[in-house]
Amino acid sequence: MARTAHTSTSSEKQMLSERIYEYLRDAIMRGDFAPGDALKPQDLAKEQGVSLAVVREALVRVVGEGLADRLPNRGFAVPAFSDRRWQDVAEARRTIEPLMLRMSIERGDIDWEARVRAAHHRLARTPAFVPEEGEYYSEAWSQAHRIFHRTLLEGCGNSVLLETFDRMWSASELARRLSTYRNPDRDGAAEHRRLEAAALARDADAAAEALAQHLALTAAALTSTIHEPAQDA
């Protein structure tokens, strides 16, 4: 009986932690917390009606995704996205992701090819902007965009590299959301078509180059936008 009660309590705590984690992740992505804002466990526990332990567990997961920082003796906070921080993330992506794509092209099977084609089809058919979501990329497009890029790399078969990609992507997506950047002169759809075509043609050199250029253009755009407030201050 005691074991059953313990199992039930652990399961309930896990469910609560998952709920708080999803709340924090969505709130940070929506911009409900500004860059640099403190994430105070005591306040969050009171606000959400859960224990401090549940909130701390959720915060550790958010930190693991790169959506919050754990500060020595100062608790937790939303990352303050400086130009340098974004450049570090962008440099890491440009270093690691083209290599992962080469591995995917070498190792990916026919099922991987089918998933790449399907993910690109979904991305191409999803509107990047919708009126009710203002200047931000639409939620549906952001999800389709992530799935396409991750699917391209999943053929590598290396779970550690894919976990690294997930963390870098979350940090990049937060920067994208905060910047609200929209460049009408950039043809992102054409860039994604080139990536799909090169990957399915098993042209590792062309695919890696296309991905590096794609990431470089995004980095340049976001770096410029993130840096603008500091210039105006």
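Modeller: What follows describes the pocket and then the chain around it. This is a predicted model, in which local features need pLDDT of at least 70 and side-chain atom pairs count only at pLDDT 80 or more, while totals for chains, interfaces and linings use all residues. Residues are numbered from 1 along each chain as its sequence is written, and side-chain values use heavy atoms, with hydrogens and water left out.

The largest pocket holds about 430 Å³ of space, a volume being the space filled by probe spheres set on grid points that are joined across faces, edges and corners. A pocket here is an open set of points on a 1 Å grid over the protein atoms alone, where a 1.4 Å probe fits, with protein on both sides within 12 Å along at least five of seven lines, and lining residues have an atom within 4 Å of a point. Its lining consists of 22 residues, and Tyr137, Trp141, Gly188, Ala189 and His192 lie nearest the centre. Two or more lining residues come from each of helix H5 (110-124), helix H6 (139-154), helix H8 (188-200) and helix H9 (204-232), helices being DSSP runs of H or I of at least four residues, numbered from the N terminus. By class, 10 of the lining residues are nonpolar, 8 polar and 4 charged; Ala, Val, Leu, Ile, Met, Phe, Trp, Tyr, Cys and Pro count as nonpolar, Asp, Glu, Lys and Arg as charged, and the others, Gly among them, as polar.

The protein chain as a whole has 9 helices and 3 strands, the strands being DSSP runs of E of at least two residues, and of its 233 residues 41% count as buried, that is, under 20% relative accessible area with a 1.4 Å probe, protein chains only.

Terms used:
Buried < 20%, exposed > 50% of the residue type's maximum accessible area, 1.4 Å probe, protein only.
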